[in-house]
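Me: I am new to reading protein models. Could you walk me through this one, feature by feature?

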Amino acid sequence: MPCLVFLVSAACDTPHPRFAGVDPVRITMGQSTFDVRVKGGEAEAIRLNAEWAPRPEAVAPRAVAAIERVSGCTVRRLDGDQAQFFARLKCSKDDRPMAVLPGRIEYECDIADAYIDRGLGEAVTEMTCTPRRY
């Protein structure tokens, strides 16, 4: 039994094989903390914190905001559940990924607003993020 508990807890932040070897960026959006990994035109966000009965509909906007902040791209499609999300990204040549500096960096972000810009037909998330270095 102790071995089973160890295996289950070890899987909590294990990336999908497509993202193996990609260092995560830890970011907090609202009440959710994610490890985000970006590779090519895809991203993965794994929620790390405990939340009481989170629904995917409640966590998904925070996952999208986290992925967009880390990748510098727009989330085109999001799949997954309340613990692990996978995104396909739309990156223009002007998009620049957020600079990831050496050492562990966590970001805490306050989401000011999230809405659909009807003129552009895009989801917009306005937020302020503060890095915390360790």
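This is a predicted model: local features need pLDDT of at least 70, side-chain atom pairs count only at pLDDT 80 or more; totals for chains, interfaces and linings use all residues.

Me: Which helices and strands does the protein chain have, and in what order do they run?

Reply: Helices (H or I, at least four residues) and strands (E, at least two) are DSSP runs, numbered from the N terminus. Here there are two helices and seven strands, and from the N terminus the order is α-β-β-β-α-β-β-β-β.

Me: How do I read strand pairing, say for β2 and β3?

Reply: Two strands pair if DSSP finds at least two bridges between them. β2 and β3 run antiparallel and are joined by six bridges. They form a hairpin with two residues between them, and G40 in the turn has a positive phi of about 60 degrees. On its other pairing, β3 meets β5 in the antiparallel sense over five bridges, with A43 opposite A87 of β5.

Me: Is β3 enclosed or open to the outside?

Reply: "Buried" means under 20% relative accessible area, "exposed" over 50% and "partly exposed" in between (1.4 Å probe, protein chains only). In a regular strand the side chains alternate between the two faces of the sheet. For β3, six of the six residues are buried, so the strand is largely enclosed by the rest of the structure. E42, E44 and I46 cover one side, and A43, A45 and R47 the other.

Me: Which residues stand out in the largest nonpolar core?

Reply: In soluble globular proteins, nonpolar side chains tend to be buried together. A nonpolar core is a set of buried Ala, Val, Leu, Ile, Met, Phe, Trp, Tyr and Cys residues joined through side-chain atoms within 4.5 Å. The largest one here has 20 residues, and I27, F34, V36, I67 and L89 touch the most other members. β1 (25–29), β2, β3 (42–47), α2 and β5 each supply at least two residues, and α2 gives the most, with eight.

Me: How many disulfides are there, and where do the cysteines lie?

Reply: A disulfide is a pair of cysteine sulfur atoms within 2.5 Å. The whole structure has one, formed by C73 and C91 with their sulfur atoms 1.8 Å apart. C73 lies in the loop between α2 (56–71) and β4 (74–80), and C91 in the loop between β5 (84–90) and β6 (105–117), so the pair ties together parts 18 residues apart in sequence. The torsion about the S-S bond is about 105 degrees, so the disulfide is right-handed. C73 is buried at 9% relative accessible area, whereas C91 is partly exposed at 40%.

Key: Residues are numbered from 1 along each chain as its sequence is written. Side-chain values use heavy atoms; hydrogens and water are left out.
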